[in-house]
Amino acid sequence: MADPLLFNPRTYDPAHFDPETRRLLRATVDWFEDRGKRKLIEDYRSRAWLAEFLAFSAKEGLFATFLTPASAADGQQDGQQDKRWDTARIAALNEIFGFYGLDYWYAWQVTILGLGPVWQSGNAAARTRAADLLSQGEVFAFGLSEKAHGADIYSTDMLLEPDGDGGFRATGSKYYIGNGNAAGLVSVFGRRTDVEGPDGYVFFAADSRHPAYHLVKNVVDSSKYVSEFRLDDYPVGPDDVLHTGRAAFDAALNTVNVGKFNLCTASIGICEHAMYEAVTHAHNRILYGRPVTAFPHVRRELTDAYVRLVGMKLFSDRAVDYFRSAGPDDRRYLLFNPMTKMKVTTEGEKVIDLMWDVIAAKGFEKDTYFAQAASEIRGLPKLEGTVHVNLALILKFMRNHLLDPAEYAPVPTRLDAADDDFLFRQGPARGLGSVRFHDWRTAYDAYAHVPNVGRFREQADALCAFVTTAAPGEEQSRDLDLLLAIGQLFALVVHGQLILEQAGLTGLEEDVLDELFAVLVRDFSGYAVELHGKDSATAEQQRWALGAVRRPVVDEARSARVWDRVEALSGAYEMAP
């Protein structure tokens with residue numbers, strides 16, 4: 001029997017979506033299954049460009065349907081009524097792509113990033129051009145990073161010189177730009193040579209097929225085409241200009257806000273496929289006359305991996321609802337977004353590592369999905385800002401979230417066929433310290449009777465006391481190493497909150513929830529000990545840290561029941577050869 005908490009292609013039926021979304025998601029799964037495991041692995045290892053996959057996507061109108069906002073679909077004929085920017089179904093497709101191979105997800109992800117500045121733009125001609133290109137099956141690219149500066153947009157060397165006729169000539173290089181080899185439209189960030197400061201920023205649309213666009217190379221050894229390209233005297237007309245001045249800067253940051261959310265569900269898909277392989281292998285391997293899964297340490301590692309993965313899914317699914325319900329007066333998504341990028345993806349690394357410790361050498365074998373999963377899972381925490389960058393961002397919300405809740409109407413599960421248009425009118429990318437949140441304690445109170453939720457709540461309350469009585473002073477606040485340790489503690493509280501909210505909405509079995517929070521109690525204790533050992537931690541902070549350490553509530557019968565769920569994954573799915 002399939003586990004209802006995990007994606008399984010054999011039983012997948014996204015009946016909670018509208019008919020066209022359901023058809024496209026199932027068609028995507030069927031395309032990969034028909035292609036087969038051997039071919040997927042061969043393409044991955046030979047670094048083949050994704051031409052056949054993109055041809056399938058174009059034929060089905062997959063990217064066009066999922067990535068054209070309803071407002072940009074006006075005037076188009078084919079499937080117009082099904083086109084919208086719907087974060088719930090985008091998340092579902094991320095998971096499928098991750099499940100079969102991150103290369104496919106990457107082409108889709110950088111298309112999303114490339115579209116961000118366009119859909120935020122008031123340039124009607126550019127929007128129409130993008131919608132038409134999507135309908136033709138084209139991919140897109142996001143030309144922000146540079147070799148010398150990374151994503152430091154204050155220092156861009158892509159220069160636009162006025163041409164005297166209301167346009168520009170662009171010259172400069174971009175680096176680490178996905179789809180730069182094939183994009184019908186590349187959203188490129190640069191600055192004018194005749195205007196100083198932020199007013200000189202420009203986002204413009206370029207075509208990778210233009211003679212003044214020079215593809216230099218693929219900077220990675222992969223099917224992902226992560227390009228370096230150069231523009232030499234590239235003509236930029238008024239219809240190509242997407243944003244100017246401060247709006248160009250905001251478009252860059254807001255695009256990343258939209259795009260980095262996709263990393264969490266891709267990570268989930270990778271872990272799910274790897275888990276089927278790992279549990280099946282371990283359960284069927286006999287060692288010293290017993291199945292590997294008979295050993296207590298193996299059961300613990302696989303159970304921890306399973307409940308961590310369930311937590312990743314619960315958090316990410318609930319975060320979708322806050323994205324879809326966001327507006328000028330509700331910007332809570334600005335916390336939950338870096339959480340999905342930082343916390344969920346690093347949880348994915350832990351899930352893979354736990355399983356790899358069990359299957360050992362099997363995880364290197366060339367005919368397994370696991371071998372590529374173990375490699376690709378490392379990339380997701382490092383894309384769209386490092387873990388450290390996103391953890392520092394999360395810290396900006398800590399005091400308001402923990403200590404100063406506001407009243408909000410409850411956010412429902414959002415699976416309705418609606419266009420998430422606010423994501424393209426987020427406004428200025430500032431004011432994070434003023435964002436308010438609903439009371440995090442409500443979710444914990446609803447599950448106070450679950451032993452390890454109660455135990456973790458003690459630690460969360462202790463963190464509130466820390467912020468009130470032992471928070472870093474002015475000098476300590478410059479010690480990012482110390483602050484990041486505190487950020488990990490705060491992230492766990494937020495992680496647990498949305499897990500509990502989603503558990504309540506979905507009726508998650510309390511055995512699974514209790515086992516998951518036993519893991520979170522251990523995690524909190526580990527980060528508290530790490531804080532205790534920081535060079536600049538004060539004596540008061542050290543005492544607090546050791547006082548926050550807790551032992552999870554042990555229940556052997558509960559753990560055995562959860563193990564039964566894990567053991568049942570053996571043989572539950574194997575990709576067709």
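Tutor: In this predicted model, helices H11 and H19 are roughly perpendicular to each other, because the angle between them falls in the range of 65 to 115 degrees. That angle is about 100 degrees, and the two axes lie 9 Å apart. H11 covers residues 296-324, and H19 covers residues 510-532.

The H11 side of the contact consists of Arg-300, Thr-303, Asp-304, Val-307, Arg-308, Val-310 and Gly-311. These meet Val-512, Glu-515, Leu-516, Val-519, Arg-522 and Asp-523 of H19. By type, the residues of this contact are five nonpolar, two polar and six charged.

In H20, which spans residues 539-547, the buried residues are Gln-541, Trp-544 and Ala-545. Viewed down the helix axis, they fall within an arc of 100 degrees, so they line one face of H20.

Another buried glutamine is Gln-426, which counts as buried because its relative accessibility is 8%, and the cut-off is under 20%. Gln-426 sits in the loop between helix H15 (398-403) and helix H16 (441-446). Its side chain reaches the backbone oxygen of Asn-254 at 3.2 Å, and makes a polar contact of 2.8 Å with the side chain of Tyr-333. Leaving aside residues up to four places away in sequence, Gln-426 touches Asn-254, Asn-257, Val-258, Tyr-333 and Leu-334.

Note on methods: Residues are numbered from 1 along each chain as its sequence is written. This is a predicted model: local features need pLDDT of at least 70, side-chain atom pairs count only at pLDDT 80 or more; totals for chains, interfaces and linings use all residues. Side-chain values use heavy atoms; hydrogens and water are left out. Axes are lines fitted to C-alpha atoms, for helices over the stretch in contact, and angles run from 0 to 180 degrees between N-to-C directions. Helices (H or I, at least four residues) and strands (E, at least two) are DSSP runs, numbered from the N terminus. Angles under 35 degrees count as roughly parallel, over 145 as roughly antiparallel, 65 to 115 as roughly perpendicular and the rest as oblique. Contact means heavy atoms within 4.5 Å. Ala, Val, Leu, Ile, Met, Phe, Trp, Tyr, Cys and Pro count as nonpolar, Asp, Glu, Lys and Arg as charged, and the others, Gly among them, as polar. Buried means under 20% relative accessible area, exposed over 50%, partly exposed in between (1.4 Å probe, protein chains only). The arc is that of the directions from the helix axis to the C-beta atoms. A polar contact is a pair of N or O atoms within 3.5 Å; within protein, one must be able to donate a hydrogen and the other to accept it, and residues adjacent in sequence count only if both atoms are side-chain atoms.
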